[in-house]
Amino acid sequence: MDTLDAIRTRRAVKQYDPDHRMPDADLDTILSAGMLAPTAFNIQHWRFVVVTDPALRRQIRAVAWDQAQVTDASVLIVMCADKQAWRKDPARYWADAPQDVQDLMVGLINQYYEGRAQVQQDETMRSCAQAAQTMMLAAASLGYQSCPMDGFDFDAVARLINLPDDHVIAMFVAIGKGTQAARPRASRLTLDQVRVRDRFA
Ligand SMILES: Cc1cc2nc3c(=O)[nH]c(=O)nc-3n(C[C@H](O)[C@H](O)[C@H](O)COP(=O)(O)O)c2cc1C
């Protein structure tokens with residue numbers, strides 16, 4: 001599927017065939033596509049929790065406004081990130097680069113994140129959102145439907161998946177075989193309403 005077609009046809013689909021099983025190869029393709037999204041300093045701090053246990057899915061649904069996607073989509077991915085990844089052996093993010101580049105980048109990573117808790121947190125959201133959209137477009141190109149989600153109790157989900165203290169949850173991505181088309185698009189703002197030329201008035 002052409003990239004623009006995938007972007008234009010992707011919709012947030014809510015109803016899924018609960019009996020559909022996604023082949024592992026498709027899931028790997030989707031996750032691997034997500035991993036090609038950009039991250040600042042290439043720190044790749046996302047961690048994708050793929051929830052396959054049906055009992056756990058039911059528990060998550062109970063703290064996610066009883067949304068059917070949580071149990072019925074073929075795959076539920078909890079998009080998490082490690083806020084401290086910048087300090088955990090950062091040379092590995094540049095291991096294939098020449099030594100001088102590696103040294104430079106590791107120094108810059110440290111300078112950029114050290115003592116900046118807000119930046120550490122914000123970066124997780126930027127990265128996970130980009131990975132989520134990339135996964136949803138990859139899923140569309142493979143013939144799947146998807147739904148981004150943040151309608152859930154973050155603390156409760158964190159407990160259910162044993163989220164480490166230095167990690168954070170950004171959102172869910174549910175992917176599967178939709179059984180009902182999304183409702184017609186809700187109104188979108190016009191380009192003129194969202195485009196700002198040079199600076200705000
Ligand atoms: C961060 C985020 C959280 C969302 N949370 C939910 C959700 O919990 N449940 C849901 O049904 N849709 C959720 N959506 C889907 C939006 O409602 C949907 O993307 C929006 O209405 C536009 O529709 P479209 O994606 O089909 O164009 C979420 C979307 C985003 C980006």
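Begin the tour at strand 3 (residues 145-149), which supplies three residues, the largest share of the shell around the ligand; strands here are DSSP E runs of at least two residues and helices are H or I runs of at least four, numbered from the N terminus. The model is predicted, so local features need pLDDT of at least 70 and side-chain atom pairs count only at pLDDT 80 or more, while totals for chains, interfaces and linings use all residues. Residues are numbered from 1 along each chain as its sequence is written, and side-chain values use heavy atoms, with hydrogens and water left out.

**The ligand and its surroundings**

Next, select the ligand together with the 13 residues around it, of which Arg11, Ala12, Gln67, Arg185 and Arg188 come nearest; a residue is counted as near when one of its heavy atoms lies within 4 Å of the molecule. The ligand taken alone exposes 610 Å², and the protein buries 65% of that, with areas from the Shrake-Rupley method and a 1.4 Å probe, where for residues only the protein chains shown count as cover.

**Val13, in a loop**

Move on to Val13, in the loop between helix 1 (3-9) and helix 2 (24-34). Is Val13 buried or exposed? At 5% relative accessibility Val13 counts as buried, a word that means under 20% relative accessible area, whereas exposed means over 50% and partly exposed lies in between (1.4 Å probe, protein chains only). Leaving aside residues up to four places away in sequence, Val13 touches Gln69, Gln145, Ser146, Cys147, Gly178, Gln180 and Ala182, where contact means heavy atoms within 4.5 Å.

**Ile60, in helix 3**

Now select Ile60, which sits in helix 3 (residues 54-62) and is buried, with a relative accessible area of 0%. Residues up to four places away in sequence not being counted, Ile60 touches Val51, Val70, Leu76, Val157, Leu160, Ile161 and Phe172.

**Thr124, in helix 6**

Continue to helix 6 (residues 117-141), where Thr124 lies, likewise buried at a relative accessible area of 0%. A polar atom of the Thr124 side chain is 2.5 Å from the backbone oxygen of Gln121, and, beyond residues up to four places away in sequence, Thr124 touches His45, Ala81, Lys83 and Val168.

**The whole chain**

Finally, zoom out to the protein chain, which has eight helices and four strands, running α-α-β-α-α-β-α-α-β-α-β-α from the N terminus on. Its C-alpha trace spans about 55 × 45 × 35 Å along the principal axes, and buried residues make up 40% of its 201 residues. Among contacts between residues at least 6 apart in sequence, 78% join residues at least 24 apart.

Terms used
Polar contact = N/O pair within 3.5 Å; in protein donor to acceptor, adjacent residues only side chain to side chain.
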